Amino acid sequence: MSSPTASQPEAQELDVRGMRKPDKHPTIFSRYAELPVGGAFVLVNDHDPKHLHDEFEADHAGSFRWEYLNREMRDWRIKITKLASTPLPRVLVDTTALTAEPAAPDVTGAAWKLDVRDRDLDSNIIALPPAGTIDAHAGPDLDVLVHVLAGSGTLTTELGTVELTPGALLWLPRRSRRAFTAGPDGLRYLTVHQRRQALLLDTSRAATPR
């Protein structure tokens with residue numbers, strides 16, 4: 001094995017065994033963010049950090065290397081190497097797989113959401129069952145883009161209604177009044193907007209027509 005050179009210095013250790021649990025992952029990701037491309041550190045932990053690996057996959061898929069150096073009880077050592085200067089562009093989800101079938105009667109709410117930790121945007125795929133609704137409300141203080149993926153329905157605004165069909169791309173201006181009603185096959189749509197605290201949607205099943 002070749003010894004470290006000036007261009008490939010020996011990876012320093014980050015021992016998190018004595019840290020409080022809430023501090024471990026933020027400290028690890030902060031150390032990773034400081035690395036140059038090609039840089040690495042050796043994480044020392046008291047167990048196999050599988051959940052941490054899942055978080056790296058979610059945030060940095062394809063742009064890091066994870067190498068086990070030691071797997072002994074209370075002495076797990078993993079070399080984490082930074083392969084790219086930023087997270088890589090990548091496919092997050094196949095929306096056709098989420099919309100291939102009509103919405104099930106019991107499916108309401110977020111069918112998918114953007115879970116990347118370090119981001120500027122929020123995005124969700126909202127599913128409403130047949131005749132399901134999101135009651136009238138004033139939107140948040142930011143603009144929202146809505147792309148209808150499957151099903152049908154209506155968007156009720158302050159002065160009228162807009163028909164929702166697959167492919168429709170809608171702009172919801174900040175603070176505008178809106179309500180959604182799904183058609184007989186349900187409704188699924190993608191939202192994209194600036195990151196903010198989660199909005200709790202009031203979803204319910206519309207009354208059965210008489």
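A contact here means two residues with heavy atoms within 4.5 Å. With that in hand, take the contacts in the protein chain between residues at least 6 apart in sequence: 69% of them join residues at least 24 apart. Keep in mind that this is a predicted model. The chain runs to 210 residues, and its secondary structure comes to 3 helices and 12 strands.

**Burial and surface**

- Of the 210 residues in the protein chain, 39% count as buried.

**Aromatic rings**

- There are 7 aromatic pairs in the structure.
- Take Phe180 and Tyr189: their ring centres are 4.8 Å apart and their planes sit at 20 degrees, so this pair counts as stacked.
- As for solvent, Phe180 and Tyr189 are both buried.
- One aromatic cluster brings together Phe29, Tyr32, Phe56, Phe64, Trp66, Tyr68 and Trp76.

**Charges over rings**

- Tyr32, one of the cluster's members, also has a charge over its ring: the charged end of Lys82 sits there, 5.5 Å from the ring centre.
- Phe41 has Arg31 over its face, with 6.0 Å to the ring centre.

Key:
Residues are numbered from 1 along each chain as its sequence is written. This is a predicted model: local features need pLDDT of at least 70, side-chain atom pairs count only at pLDDT 80 or more; totals for chains, interfaces and linings use all residues. Side-chain values use heavy atoms; hydrogens and water are left out. Helices (H or I, at least four residues) and strands (E, at least two) are DSSP runs, numbered from the N terminus. Buried means under 20% relative accessible area, exposed over 50%, partly exposed in between (1.4 Å probe, protein chains only). Rings of Phe, Tyr and Trp (its six-membered ring) pair if their centres lie within 6.5 Å; planes under 30 degrees apart count as stacked, over 60 as edge-to-face and the rest as tilted. A charge sits over a ring if NZ of Lys or CZ of Arg is within 6 Å of the ring centre and within 35 degrees of the ring normal.
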